[in-house]
Amino acid sequence: MSDDYLSRIGKLIRDARQHRGWTQLQLAEALNTSQSAVNRIERGNQNISLEMIARIGEALDSEIVSLGYSGPMHLRVVGGRRLSGSIDVKPSKNACVALLCASLLNSGRTVLRRVARIEEVFRLLEVLGSIGVRVRWINDGDDLEIVPPAELALDDIDAEAARRTRSIIMFLGPLLHRVDQFKLPYAGGCDLGTRTVEPHMTALRRFGLEIAATDGTYHAQVDRSVTPERPIVLTERGDTVTENALLAAARHPGVTVIRNASSNYMVQDLCFFLEQLGVRVEGVGTTTLTVHGLAEIDRDVDYSPSEDPVEAMSLIAAAVVTSSALTIRRAPVEFLEVELAVLEGMGLDYDLTPEYAADNGRTRLADVTVRPSKLEAPIDKIHPMPFPGLNIDNVPFFAAIAASAHGQTLIHDWVYDNRAIYLTDLNRIGGRLQLLDPHRVLVEGPTRWRAAEMMCPPALRPAVVILLAMMAAEGTSVLRNVYVINRGYQDLAERLNSVGAQIEIFRDI
C-alpha cells in the first residue's frame with residue numbers, strides 16, 4: 001500500500017475517531033493494541049491490513065472502506081467562486097416524511113407530488129415496502145404513489161432502514177389504530193444527543209398506547225378502551241410530537257383538542273393533507289388544533305407538499321457566505337420572515353417578489369434575490385424559537401453567516417445537546433468559533449476561509465454549513481462521507497454547480 005494511501009486512510013481514521021469523541025488510547029483499547037500503534041496508523045506511518053481497517057470501522061461505527069459495493073460518497077470543492085443566476089427550492093424534506101407516515105392512515109391510493117428524492121425518504125420507503133405497502137415512483141420519477149395493504153406485515157419490518165431515520169417514530173400515531181400490538185426499532189438519524197420519546201407518549205397514552213423499550217425496540221400495546229376525554233397538552237412544542245398527536249387524532253372518531261402544538265411548516269402541510277383525507281382540522285397555524293377524526297379513511301388523494309424553508313435558508317446562506325448575487329425561487333417566505341429580518345438588521349441587501357401560492361394552494365411563496373453585502377454582527381444573540389420564531393434548523397447557517405460578518409455573534413442553540421459542538425468544525429477551515437458550553441458558540445468575524453480535508457459532521461445542518469464554508473474558501477477542499485447531507489437534500493452539489501459552484505462527487509477505495 002503506497003504512502004499516499006496510508007496517509008489518506010490515516011486521516012479518515014483520525015477524523016472518524018475525533019467525531020466519535022474518542023482518544024487514541026480509547027481506540028487502541030477497543031482494538032487491543034497500543035496507543036503508539038494507533039498514532040502511527042493515523043500519521044500514515046504503518047502498513048495496515050484490510051482486516052484491521054474493518055475492525056477500526058466497526059469500533060468507530062464508521063464506514064472507513066467499502067468492499068464489494070459502492071463506497072461512501074465524498075465531495076471535492078473548489079472554493080472562492082461567486083454564484084449567480086437563480087435556483088429553485090425543493091419540496092420540504094420534513095413535510096414529505098410526515099406525509100409518508102400519514103399515508104398509513106388511508107386505505108385508499110395516495111399520490112404525493114414532487115417528493116424529495118433524499119435518503120430519509122428512501123429509508124422510509126424501504127420500511128413501508130417491507131411491511132407490505134406498495135410504493136412506486138410515477139410520472140418520470142417526479143411523484144410517488146402509495147397503496148397500503150389490507151393487513152400490514154409488521155413482523156417483516158426492515159429494522160436496518162428504520163434505525164437510520166428519526167421519522168420512524170411517526171409510525172406510532174397511525175399504527176395504534178391498525179393493530180393492538182406491534183414493535184418498532186428505535187429511531188435513528190442525526191447524532192444530536194439523547195432525545196426522549198416521552199413527549200410523544202404524553203400525547204399517545206391518551207389514545208391507549210403504552211410502550212416498553214427493550215433491546216433497541218419499542219414494544220407497543222394499545223388499550224382500545226382509552227380515549228382522550230379532555231384536551232391533550234403537549235409537554236414539548238415539538239414538530240414530530242405534534243405530528244404524532246395529529247396522526248393519532250385523525251383516526252379517532254370524535255373531536256380531539258391538541259394544545260401547545262407546533263405550528264411549523266411541516267405540521268401545517270400535514271394538516272392540509274389530513275383535510276384532503278376528510279379530517280377537519282381547526283386552528284392550523286396556531287398552537288391549539290381541534291381535530292375532527294374519522295374511524296375509517298378510504299380516499300384516493302393527490303397532494304403537493306410545499307417547498308422547504310430550511311433548504312431556502314441554506315441557499316440564502318450560500319449566497320451570503322460566497323458574497324454572491326443569487327435569486328432563490330419558490331421560497332416559503334412566511335417561514336423565513338424572522339430570519340430575513342435578522343439578516344436585514346445585519347446589513348443584508350435583498351429583494352422579495354410579490355407573494356404567490358404554493359402548489360398546495362395554502363403556503364405563501366416568494367422569490368428572494370440576495371446581493372453581496374457588508375454584514376455586521378447582530379446586537380442580540382441568535383437563538384431559535386418555535387414558529388413563528390427563528391427556525392430551530394436554520395440556526396446553524398447563522399454560524400457561517402456570522403463568521404462572514406464584522407464583530408462577535410453569540411449563537412445559543414438550546415434545543416439539541418450536541419449540534420453547537422459540531423459547528424466548531426468551522427475552525428478547521430479558518431473559522432474563529434469559541435465553544436462556551438454545549439449549547440453556546442461565540443463567532444468572531446470576518447473570516448478568511450481556507451481549504452481543508454475533513455470528515456462530514458454527523459448532523460445534517462452543520463454538515464451543510466461546512467460545505468458552504470468550503471465553497472467560500474480559496475483552494476480545493478474535500479468533505480468526506482456526505483451521507484448525512486443526502487438525507488436531507490436532493491442533488492445539492494449538482495444544483496449548486498448550476499449556479500456557479502464547482503463541486504465534484506467522488507468515491508474512493
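Terms first. I take helices (H or I, at least four residues) and strands (E, at least two) as DSSP runs, numbered from the N terminus. This is a predicted model, so I read local features only at pLDDT of at least 70 and side-chain atom pairs only at pLDDT 80 or more, while totals for chains, interfaces and linings use all residues. Residues are numbered from 1 along each chain as its sequence is written, and side-chain values use heavy atoms, with hydrogens and water left out.

**Entry: cis peptides**

I looked for cis peptide bonds. One joins Phe 387 and Pro 388, with omega about 15°. I placed Pro 388 in the loop between strand 17 (364-371) and helix 14 (397-403). A cis bond also joins Gly 445 and Pro 446, where omega is about 0°. Pro 446 sits in the loop between strand 20 (440-445) and strand 21 (453-455).

**Entry: positive phi**

I noted these because most residues other than glycine have a negative phi, and most peptide bonds are trans. Asn 260 is not a glycine, yet its phi is positive, about 60°. I found Asn 260 in the loop between strand 10 (255-259) and helix 11 (265-276). Arg 330 also is a residue other than glycine, and its phi is positive, near 60°. Arg 330 belongs to strand 14 (residues 326-331).

Next I checked accessibility. Buried means under 20% relative accessible area, exposed over 50%, and partly exposed in between (1.4 Å probe, protein chains only). Asn 260 has 24% relative accessibility, so it counts as partly exposed. Arg 330 has 19%, so it counts as buried.

**Entry: the chain as a whole**

I counted secondary structure: the chain has 18 helices and 23 strands. Its C-alpha atoms fill a box of roughly 65 × 55 × 45 Å along the principal axes. Then I took the radius of gyration over C-alpha atoms, with the globule rule of 2.2 Å times the number of residues to the power 0.38. A compact globule of 509 residues would have a radius near 23 Å, and the chain agrees at 23 Å. Of the 509 residues, 56% count as buried.

I define contact as heavy atoms within 4.5 Å. Among contacts between residues at least 6 apart in sequence, 73% join residues at least 24 apart.

**Entry: nonpolar cores**

A nonpolar core here is a set of buried Ala, Val, Leu, Ile, Met, Phe, Trp, Tyr and Cys residues joined through side-chain atoms within 4.5 Å. Which residues touch the most other members of the largest core? Of its 150 residues, they are Phe 171, Ile 328, Met 471 and Ile 485. Helix 16 (residues 460-472) gives this core its largest share, 11 residues. A second, separate core has 17 residues, including Ile 9, Leu 12, Leu 27 and Ile 41.

Neighbours within four places in sequence aside, Phe 171 contacts Cys 101, Leu 104, Leu 124, Val 127, Leu 128, Ile 131 and Leu 184.

**Entry: Val 499**

I ended at Val 499, in the loop between helix 18 (492-497) and strand 23 (502-506). Is Val 499 buried or exposed? Val 499 is buried, with a relative accessible area of 3%.
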